Number of protein chains: 2
Amino acid sequence: MNTRSATLSKATTEIERSAQVELPLSPTFSPLYQQIKALITQSLEVGEWKPGEPIPSEVELATRYKVSQGTVRKAISVLAAENLLIRRQGKGTFVATHSEARAQFRFLRLLPEAGVPNVYESHLLECRRLRAPVEIARPLELQPNEPVVLIKRTLQFSGVVAVFDEIWLPGNLFRGLTLERLAAYHGPLYVLFETEFGTRMIRASEKIRALAAADEVAAMLGVEPGHPLLSVDRVSYTYGDRPVEVRRGWYVTDAFYYQNDLS
Amino acid sequence: MNTRSATLSKATTEIERSAQVELPLSPTFSPLYQQIKALITQSLEVGEWKPGEPIPSEVELATRYKVSQGTVRKAISVLAAENLLIRRQGKGTFVATHSEARAQFRFLRLLPEAGVPNVYESHLLECRRLRAPVEIARPLELQPNEPVVLIKRTLQFSGVVAVFDEIWLPGNLFRGLTLERLAAYHGPLYVLFETEFGTRMIRASEKIRALAAADEVAAMLGVEPGHPLLSVDRVSYTYGDRPVEVRRGWYVTDAFYYQNDLS
DNA sequence: TAGTGGTCTAGACCACGTG
DNA sequence: ACGTGGTCTAGACCACTAT
């Protein structure tokens with residue numbers, strides 16, 4: 001038994017090595033801590049520990065997985081770096097959630113030119129179910145005509161309309177998502193998604209362009225047709241890099257800007 | 001002596017603790033590995049190890065700083081995560097450089113809608129010295145009227161003009177930077193800056209907006225005045241978070257998009 | 001006082017790259 | 001065969017939080 005197997009196994013000992021010295025080394029080597037990381041991720045995925053809750057302590061997990069605390073620590077460190085877990089000295093390690101203020105700014109990068117941070121208000125325009133058009137089905141890795149949910153809304157920053165969003169979700173993952181349910185909810189959508197529908201957005205990829213406002217979008221945003229807008233095409237992913245949201249946003253950047261840090 | 005002092009010191013031993021038990025604990029606690037990290041950063045900053053070169057091995061550094069290899073490893077890991085160093089198993093740890101293909105994409109996020117990755121050609125329009133206008137002096141943390149260098153250029157992707165840039169640099173840091181010097185150089189500017197002027201860009205912060213092309217910019221980019229453009233305002237920083245570049249870019253996003261990953 | 005994560009050490013062994 | 005970084009372990013102690 002050696003560390004190359006997909007099953008949980010610790011480093012080869014001298015004795016074990018001499019016993020298997022004739023076996024060819026498997027070409028796929030996976031460190032123990034990555035195997036532990038995979039196990040922890042699994043538990044997150046199936047909801048053994050829910051967003052906001054603490055996971056077991058490092059010593060507990062070390063006992064459970066029969067590895068040293070240091071190996072568990074390494075696995076957790078990686079997951080913390082990927083924003084799946086949050087470590088708090090003296091308290092424990094917690095499942096990350098979009099409820100924290102910190103997480104919200106990670107996915108909404110629009111800031112006002114002057115004045116207050118981004119407290120915003122969402123205005124729901126539409127929520128209906130339809131069959132996925134091809135250009136939506138492809139990024140969501142669905143078959144064309146599979147059911148999807150389409151949400152349209154605007155965001156206002158202190159009364160000023162700044163964003164118009166079209167949000168597409170796989171219908172099978174968001175069965176109870178209706179206009180009524182959404183209208184009754186006030187808060188970030190990703191919080192609703194993770195608490196009510198068990199789907200947590202982990203990372204997203206955006207394509208940003210400048211374009212002239214089409215008539216329909218211009219009307220929604222209260223600008224003249226042809227007005228320059230930031231177009232933000234987002235695909236969001238959950239555990240296992242599975243795409244679970246396509247979002248097309250149009251941002252008015254006369255009094256706001258999109259903040260990005262390169263490092 | 002304890003780990004709280006700014007000078008290099010390892011964890012308090014039992015004996016030492018009993019000897020200093022009356023001393024109040026300093027409120028500023030700095031782990032050993034962070035002290036080592038600061039020392040390594042210093043060596044990078046003064047150019048003891050140059051971009052692309054290997055730094056001493058972990059055991060060597062452990063000996064030099066009189067700490068364990070594990071502590072050096074932790075310090076290096078942080079610096080690697082910040083893209084200041086690059087670790088290569090079996091070979092050593094190297095000072096990061098903008099010469100690597102990998103680094104280029106970190107700071108130029110424009111990709112073509114279809115086809116090839118971003119091989120581009122820079123066309124120099126202008127390079128002159130002047131006194132810093134206030135709106136440039138402030139982000140560069142210079143006094144108004146201090147000397148700056150202004151570079152104007154365009155970028156073409158397979159013959160198509162996509163970017164017009166105005167690049168402002170502190171005159172004192174870039175003394176030998178002239179139109180002739182630039183014209184003789186072909187390659188990424190950040191490579192020139194780090195090899196010829198000892199200034200390495202580490203991170204940058206960008207503000208992105210959509211706007212209608214002004215006449216001058218439109219002419220440079222070969223589009224109609226009023227055409228929607230992506231406006232990218234960048235401030236770049238070197239070691240110690242000192243700002244050393246202000247860059248205003250106008251991107252044509254008809255056949256290109258700005259790629260951004262949220263995580 | 002007890003429990004959590006955070007730091008530091010020392011030693012063994014593994015994987016990778018180069019002679 | 002050797003040197004590099006990478007993994008894993010075990011144990012001690014520190015810093016933070018709650019009770």
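Colleague: What space lies in the largest cavity?

Modeller: Rolling a probe the size of a water molecule over the atoms shows where empty space is left. Here the largest cavity holds about 240 Å³ of space, where a cavity is a set of points, on a 1 Å grid over the protein atoms alone, in which a 1.4 Å probe fits but cannot get out, and a volume is the space filled by probe spheres set on the points, joined across faces, edges and corners. This is a predicted model, in which local features need pLDDT of at least 70 and side-chain atom pairs count only at pLDDT 80 or more, while totals for chains, interfaces and linings use all residues, and side-chain values use heavy atoms, with hydrogens and water left out. Residues are numbered from 1 along each chain as its sequence is written, and chains are lettered from A and ligands numbered from 1 in the order in which they are written.

Colleague: Which residues of the lining lie nearest the centre of the largest cavity, and which element gives the most to that lining?

Modeller: Lining residues have an atom within 4 Å of a point. The largest cavity has 18 of them, and Phe107(B), Leu108(B), Tyr120(B), Arg153(B) and Arg247(B) lie nearest its centre. Helix H5(B) gives the most, with 3 residues; helices (H or I, at least four residues) and strands (E, at least two) are DSSP runs numbered from the N terminus. Among the other elements of chain B that supply at least two residues are strand E5 (147–157) and helix H8 (189–196). By class, this lining has 11 nonpolar, 2 polar and 5 charged residues, with Ala, Val, Leu, Ile, Met, Phe, Trp, Tyr, Cys and Pro counted as nonpolar, Asp, Glu, Lys and Arg as charged, and the others, Gly among them, as polar.

Colleague: Which residues line the largest pocket closest to its centre?

Modeller: A pocket is an open set of points with protein on both sides within 12 Å along at least five of seven lines. The largest pocket has a volume of about 540 Å³, and of its 19 lining residues Glu58(A), Arg73(A), Ser77(A), Arg87(A) and Lys74(B) are closest to the centre. The largest share, 7 residues, comes from H4(A), and the lining has 6 nonpolar, 6 polar and 7 charged residues.

Colleague: Where does pLDDT stay under 50 in chain A?

Modeller: Where pLDDT is low, the predicted coordinates should not be read in detail. pLDDT, the predictor's confidence in each residue from 0 to 100, averages 90 over chain A, with 89% of the residues at 70 or above. Over residues 1–26 of chain A, however, pLDDT stays under 50, and the model has 35 contacts beyond four places in sequence for them, a contact meaning heavy atoms within 4.5 Å.
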